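Subject: Structure handover and findings

Hello,

The structure is pasted below, and my notes on it follow. Please read them alongside the model.

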Amino acid sequence: MDSITILAATILVIITSFVFGESLPLKLPLLSPFFDRKPFNCRPCFTFHLTWIGMTIISVLSGKMLLLFIGFIAAFLIYIAISIIEKSKIEQ
């Protein structure tokens with residue numbers, strides 16, 4: 001049962017990070033010049049930070065340090081994947 005909870009929390013944070021990491025880097029710089037810098041206007045950076053912050057919050061609330069470790073690994077893997085995707089995009 002514990003592994004199901006860890007998996008569900010990790011998937012929830014990753015999906016949320018992807019959704020907010022996709023839309024917020026485009027909208028935040030329009031709100032204020034403060035947000036027109038990294039990590040706020042960089043999709044891979046913003047998603048990375050959302051992932052590790054979300055997993056840290058869940059880890060602290062649940063008292064499971066394993067979630068924190070999983071969160072950092074997931075954040076780095078997501079950062080690498082999104083960076084590769086962003087670099088391979090063809091812009092017109």
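A patch, as used here, is made of residues with over 30% relative accessible area and no salt bridge, with like charges joined within 9 Å and nonpolar side chains (Val, Leu, Ile, Met, Phe, Trp, Tyr) joined within 5 Å. Accessible areas come from the Shrake-Rupley method with a 1.4 Å probe, and for residues only the protein chains shown count as cover. By that definition, Leu7, Ile11, Ile15, Val19 and Phe20 form a nonpolar patch on the surface, and their accessible area together is about 470 Å². Ile15, one of these, lies in helix 1, residues 2–31.

This is a predicted model, in which local features need pLDDT of at least 70 and side-chain atom pairs count only at pLDDT 80 or more, while totals for chains, interfaces and linings use all residues. Residues are numbered from 1 along each chain as its sequence is written, and side-chain values use heavy atoms, with hydrogens and water left out.

Overall picture

The secondary structure comes to three helices and zero strands, in the order α-α-α along the sequence. Helices (H or I, at least four residues) and strands (E, at least two) are DSSP runs, numbered from the N terminus. The C-alpha trace spans about 50 × 30 × 15 Å along its principal axes. The protein exposes about 6,300 Å², of which carbon and sulfur atoms supply 75%. Of its 92 residues, 29% count as buried; buried means under 20% relative accessible area, exposed over 50%, and partly exposed in between (1.4 Å probe, protein chains only). Of the contacts (heavy atoms within 4.5 Å) with a separation of 6 or more, 55% come from residues 24 or more positions apart.

Helix 1 against helix 3

Helix 1 and helix 3 pack at an angle of about 35°, with their axes 11 Å apart. Ile6, Thr10, Ile14 and Phe18 of helix 1 make the contact with Leu66, Leu67, Ile70, Ala74, Ile78 and Ile82 of helix 3. Axes are lines fitted to C-alpha atoms, for helices over the stretch in contact, and angles run from 0 to 180 degrees between N-to-C directions. The crossing is right-handed: a crossing has that hand if the near helix is turned clockwise from the far one by less than a right angle, and is left-handed if anticlockwise.

Leu67 is in helix 3, residues 65–88. Leu67 counts as buried because its relative accessible area is 3%. Leaving aside residues up to four places away in sequence, Leu67 touches Ile6, Thr10, Met55, Ile58, Ser59 and Ser62. The C-alpha atoms of Leu67 and Thr56, eleven residues apart along the chain, are separated by 7.5 Å.

Salt bridges

There are two salt bridges, each defined as a side-chain nitrogen of Lys or Arg within 4 Å of a carboxyl oxygen of Asp or Glu. In the pair Glu22 and Arg43, the closest N and O atoms are 2.9 Å apart. That pair links distant parts of the chain, Glu22 in helix 1 and Arg43 in helix 2 (residues 43–62), 21 residues apart. Between Glu86 and Arg43 the closest N and O atoms are 2.8 Å apart; here Glu86 is in helix 3, 43 residues from Arg43 in helix 2.

Regards
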